[in-house]
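I opened this model to look up its nonpolar packing and its charged pairs. My notes follow.

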Amino acid sequence: MRKLANLFLILFFAAALAGLGAAVFRHYGGWPVFAAIHAVLQTACLLTGVLVYLGFGFNRHLPVLLLLPLFAWLLWDLARWWPLTSLSGSMGELLLAIVPLLLGAIVLKRNADSNGGSLLLVPNQFVGPAFSIGRLLRFTLVSLLALPVLTLLILFSVAGNLLDSSSAGFVQLKADGLYMTEKIYQRQEKQIRLAAMIHLAQQDYYEDLIATIPTRRTLILAEGVSDELGLMERDFSYDGVARALGLSAQEAFPFAGRWITRAQLERPVAQTPGGPDILAADVDLQQFDPRTVAVLNALARYVLRGDSLLEGYLAFNRWAQEEMTAATRQVMMTDLIDKRDRALVALVPAALEHYDVLVVPWGALHMKGIEAAVLEQGFTLGDSRQRRSISFSRLPYDRLWSYVRGAE
């Protein structure tokens with residue numbers, strides 16, 4: 001058990017070093033390497049920590065008070081450092097990377113002071129019988145009381161990590177709400193701002209995002225699939241779901257500025273003083289596979305226009321079991337993500353000819369592919385900022401429950 005505890009100490013300190021490296025080198029090409037190493041070490045540290053925690057019940061020599069601060073930090077890490085959710089951007093990440101390193105150094109120093117100079121646990125700290133029935137009973141009681149909290153923290157962390165990895169960090173789940181990230185990339189005097197969007201959010205999220213968009217020599221590459229042939233059987237709108245959740249739909253907050261055509265993008269245009277230029281940078285529905293169009297129509301018919309979210313979902317699920325295949329799902333993802341990403345990226349070179357700032361307010365799931373294309377064009381990450389799109393404390397849970405059951 002002593003060796004396992006020492007491994008935990010080493011992994012904690014190594015993970016803290018890798019996390020600091022990722023924060024320091026975030027604006028340079030090598031930071032993803034540090035981030036990947038940190039993720040591996042952090043996972044190994046958590047798994048080892050679980051074994052050490054179980055050892056508390058069977059080995060009374062394990063220094064609980066010494067290791068407790070490290071376990072507390074790991075639990076706080078699972079909770080995404082709530083309530084310090086406002087710590088975002090480069091300085092916030094750097095601060096949160098320094099703290100575990102300092103904490104690990106303090107714990108190692110305290111251990112060295114107690115055992116005569118060794119940073120790690122030594123055999124003379126484990127002299128005598130290890131097992132104590134009283135220790136086991138106390139450990140079991142505390143663990144039973146803590147188990148519900150630990151389970152919630154683990155589930156919360158797993159959900160947050162899934163969102164983080166699938167969106168390349170553009171979506172962050174925190175204890176007080178859902179956050180969207182805006183990343184700003186720079187190449188000499190040119191700037192590209194990738195602002196992750198969400199179809200449903202609190203009104204102040206959209207207002208804050210719109211207010212921060214520059215007006216001079218700025219082009220907004222707007223998201224939104226057009227439907228020139230009228231392939232949709234009904235309007236694909238989130239208004240009904242938004243009202244049930246007490247949120248606002250993204251389409252209710254259009255960007256202010258002058259809309260231009262793709263033909264105008266090919267030649268210099270004089271901007272109006274009132275705001276940025278806006279270009280519809282998405283595809284038309286006729287470019288989608290008919291199977292994708294069928295799925296979108298089914299979603300609009302059963303889910304978005306239903307009286308009950310639960311009944312609508314179940315109806316769509318029944319339809320999907322009969323109509324959707326693995327090939328359909330693959331085609332749908334190609335249409336909804338890859339094809340639209342390529343259409344947007346193809347406009348970037350021409351847009352940079354005439355504009356200094358490109359703003360890309362697209363759905364968060366698009367950002368992973370778009371970010372990769374931006375980096376390939378020689379841009380580097382300059383800064384990032386987070387905005388809370390949904391505050392959990394402000395959701396009308398009674399109205400939501402009624403909508404789920406179809407009571408309103």
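I count a contact when heavy atoms lie within 4.5 Å. On that basis I looked up L219, leaving out residues up to four places away in sequence. L219 touches I260, L265, D277, I278, L279, A351, Y355, V357, L358 and V359.

The model is predicted: local features need pLDDT of at least 70, side-chain atom pairs count only at pLDDT 80 or more, and totals for chains, interfaces and linings use all residues. Residues are numbered from 1 along each chain as its sequence is written, and side-chain values use heavy atoms, with hydrogens and water left out.

Next, the cores. A nonpolar core is a set of buried (under 20% relative accessible area, 1.4 Å probe, protein chains only) Ala, Val, Leu, Ile, Met, Phe, Trp, Tyr and Cys residues joined through side-chain atoms within 4.5 Å. The largest has 57 residues, and L194, L219, L221 and L358 touch the most other members. Another core, of 21 residues, lies apart from it and includes F8, L67, W73 and V107.

Then the salt bridges (a side-chain nitrogen of Lys or Arg within 4 Å of a carboxyl oxygen of Asp or Glu). My search of the whole structure found 16. D176 and R388 meet in one, at 3.0 Å, N to O. D176 is buried, because its relative accessibility is 15%.

R217 pairs with D356, the closest N and O atoms being 2.8 Å apart. These partners are 139 residues apart in the chain. I also noted D289 with R291, at 2.9 Å between the closest N and O atoms. Salt bridges that share partners join E182, R193, D208, R385 and R387 into one network.

Note on methods. Buried means under 20% relative accessible area, exposed over 50%, partly exposed in between (1.4 Å probe, protein chains only). Helices (H or I, at least four residues) and strands (E, at least two) are DSSP runs, numbered from the N terminus.
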